[in-house]
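Let's take a look around this protein together. Keep the sequence and the 3D view open as you read.

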There are 2 protein chains.
Amino acid sequence: MRSMTTRVRRTDPDFSPIRFEEGVLHLLDQRRLPTEERWLALDTVDQVARAITDLVVRGAPAIGITAAFGAAIAARQRGDDISAWRLDLERLDRSRPTAVNLAWATARMRRKAETTGRLDVGALEAEARAIHAEDVSANRAMAEAGSALLDAGSGILTHCNTGALATGGIGTALGVIVAGYQAGRVDRIFADETRPWLQGSRLTAWELARQGIPFKVVVEGAAAALMSSGQVQWVVTGADRIAANGDVANKIGTCSLAVIARHFNVRFMVVAPSSTVDPYMATGEGIAIEQRDPSEIWHAAGLDQPPGGFDAWNPVFDVTPAGLIDCIVTEHGVHRPPYDFSN
Amino acid sequence: MRSMTTRVRRTDPDFSPIRFEEGVLHLLDQRRLPTEERWLALDTVDQVARAITDLVVRGAPAIGITAAFGAAIAARQRGDDISAWRLDLERLDRSRPTAVNLAWATARMRRKAETTGRLDVGALEAEARAIHAEDVSANRAMAEAGSALLDAGSGILTHCNTGALATGGIGTALGVIVAGYQAGRVDRIFADETRPWLQGSRLTAWELARQGIPFKVVVEGAAAALMSSGQVQWVVTGADRIAANGDVANKIGTCSLAVIARHFNVRFMVVAPSSTVDPYMATGEGIAIEQRDPSEIWHAAGLDQPPGGFDAWNPVFDVTPAGLIDCIVTEHGVHRPPYDFSN
């Protein structure tokens, strides 16, 4: 695995943290942003799976695209051994448990291999590129549909990172927000810093600053003060998995925002491509929630060592009940309650 | 100003971060906890005011006690010049804007000087020691009254730091929680890490670990997931200022917890000495909320430099409406809605 440090061009509208060139997957290492823009070059499926687990790449759509390219890389490694390739895809499936886009992408790669009956590297690479390209189109469609819902003069609070870094294109929730800003309908953008991994203060801030769009970072605790102040009309977030009834698994803190938004009559929009929908999951109760190590909490707090006896409860996602969500925007349009994604 | 590093004894029940000896105020520097236990020795009112502004000491009751000792130190500096001393007290009053305990303590010191008609250093030192001793007693009374409200098997979520580090004695909210744990009624303690200053993961964790009491730190965003999981029956917090109608100003994030608690039928208790009540403030709307520098957000995130264009909205306190608070515990007992602290 090679790595190199480059400067991402400030206003490149087609910027993507995922590039696939001559059988090698290049990922912008999101653990090092915003202080360093370092690219990793991956050419084994093991490297790809580890990059997903270790958060080199994160964001449900971006994880799906990465896994698709991982499956293409695995095909090149395995030659004719389709059984070994299938085990590789199971390894990719296990690399993160909550985002359904990952399993959705590997399922598509499996179907592609079945239609050709063998590991056709060219066909599998083309399928992974198609998954990436479709996400770019889906992002554009969602940005258009979602931003049309915003009234002029709106203030928006968003959570985690849902921009180019989390997707294949301009983003899901952040795509809606940026499109709304560019259309003159969004006056104020607030971004949760998003503990413990600080996707907001590190990644969303980096993306908005790169595009010259003004924003303010807030701590998660500020949500009630912010919403009661009248500065925010919409909370707009992404999703990691959407159940058939519209329950949404997303970054820890999302459900807290939805509860607070409802209390202060602020509207709540979820933006996610249809690959995030899990029609076989009836409700959010069945969704596996990834628990990560307590060290993420004390280490991100700048502590090299935790104090003796230090422990943490560190689920990375929560489930927001459909009843707290005013609309769910996919590339197919705006869905409103009662939701039914069962087919 | 001298400083020295010592080890606080692990289970000292009379531990206080504030010690006054021979005209010198010794403060445990809370900015450096938990990695270093360093004491500062202050012998000018200017040093004391700066220590309050710079968060060497924090927590509304502890700020009040510190300001009282600062007024005693100022009397020793000023000799007979009571006008200069009054300016010193105004400087102390301005050192932090939100906690009313500060103005309450300096008002008491002013009244003491008026009764003697001159700057009697011995009498003013005795008054400051009395303010400290009364806070110790008030802490014990609140711990008893508040912990009696907890049912056996309770889980508690707390916010910020409200223990010995924030007060003169065993603490306000944390005093209730520890007393409940020692009485066998509290089975689970969760502490918000409390961004941006991390009073929970740095200070509350340090205090509980010191006493050998098990706890789990959570990010603020986890509140809804935690409360919906059934692991928490009470949210217990302190206060920086309580308006006559029971509205409570406290660390940013408190109002968010109160909204989420109400949604999930979790009860909400505020614990604060009566010196925190501001009977002249009719409602929370009039309370001045301190805004701190955006650098607290990006610096605490481990960034040496913010990315270009980085901005933040960083109020340090919020106001929780009285209607979301199930009870307010002071040293005088348990207050329930409708609250009336107007006299």
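## A glycine in a loop

In chain A, G238(A) sits in the loop that links β8 (234-237) to β9 (241-243); helices (H or I, at least four residues) and strands (E, at least two) are DSSP runs, numbered from the N terminus. G238(A) is buried, because its relative accessible area is 2% (buried means under 20%, exposed over 50%, partly exposed in between, with a 1.4 Å probe and protein chains only).

Leaving aside neighbours within four places in sequence, G238(A) is in contact (heavy atoms within 4.5 Å) with several residues, including T162(A), T172(A), V248(A) and V270(A).

## About the model

This is a predicted model: local features need pLDDT of at least 70, side-chain atom pairs count only at pLDDT 80 or more, and totals for chains, interfaces and linings use all residues. Residues are numbered from 1 along each chain as its sequence is written, chains are lettered from A and ligands numbered from 1 in the order in which they are written, and side-chain values use heavy atoms, leaving out hydrogens and water.

## Rings that pair up

Over all chains, there are 10 aromatic pairs. Rings of Phe, Tyr and Trp (its six-membered ring) pair if their centres lie within 6.5 Å; planes under 30 degrees apart are stacked, over 60 edge-to-face, and the rest tilted. Y339(A) and F341(A) are stacked, because their ring centres are 6.1 Å apart and their planes at 15 degrees.

F15(B) is in the loop between β1 (2-5) and β2 (18-21) and W206(B) is in helix α7 (residues 199-210), so the pair ties together parts 191 residues apart in sequence.
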